[in-house]
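Please consider the structure below. Some questions and answers about it follow.

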Amino acid sequence: MPDQATPNAMDVRCDPAKFDTFANGHPFDLYAAARAKEPIALFEHEGWRYRYHVRTRYADIDAVSR
């Protein structure tokens with residue numbers, strides 16, 4: 001039975017700008033959900049001047065890096 005305190009990975013967006021995301025180490029379940037649901041995610045944060053994209057699949061990161 002899943003822990004009731006642990007949110008469903010598919011219902012939660014992994015936000016790399018929040019320290020809470022990594023409070024208990026790397027959230028590998030959230031990474032997997034991000035790769036499946038949102039391979040290129042746009043993030044906007046209140047008070048931040050710029051938006052940014054996060055690529056979650058290796059092939060996408062490799063292609064952009066080249």
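**Questions on selected residues**

Reader: Which residues does T21 contact, leaving aside its neighbours within four places in sequence?
Author: This is a predicted model in which local features need pLDDT of at least 70 and side-chain atom pairs count only at pLDDT 80 or more, while totals for chains, interfaces and linings use all residues. Residues are numbered from 1 along each chain as its sequence is written, and side-chain values use heavy atoms, with hydrogens and water left out. Contact means heavy atoms within 4.5 Å. On that basis, the partners of T21 are C14, D15 and P27.

Reader: Is T21 buried or exposed?
Author: Buried means under 20% relative accessible area, exposed over 50%, and partly exposed in between, with a 1.4 Å probe and protein chains only. T21 is therefore buried, because its relative accessible area is 16%.

Reader: How far apart in space are R55 and L42, C-alpha to C-alpha?
Author: R55 is found in strand 2, residues 52-55; strands (E, at least two residues) are DSSP runs numbered from the N terminus. In sequence, R55 and L42 are 13 residues apart. Their C-alpha to C-alpha distance in space is 9.0 Å.

Reader: What is the angle between the planes of F43 and Y52?
Author: The structure holds three aromatic pairs. One of them, F43 and Y52, is stacked, with 5.5 Å centre to centre. Rings of Phe, Tyr and Trp (its six-membered ring) pair if their centres lie within 6.5 Å, and planes under 30 degrees apart count as stacked, over 60 as edge-to-face and the rest as tilted. For F43 and Y52, the angle between the planes is 15 degrees.

How values were computed
Helix = DSSP H or I, 4+ residues; strand = E, 2+ residues; numbered from the N terminus.
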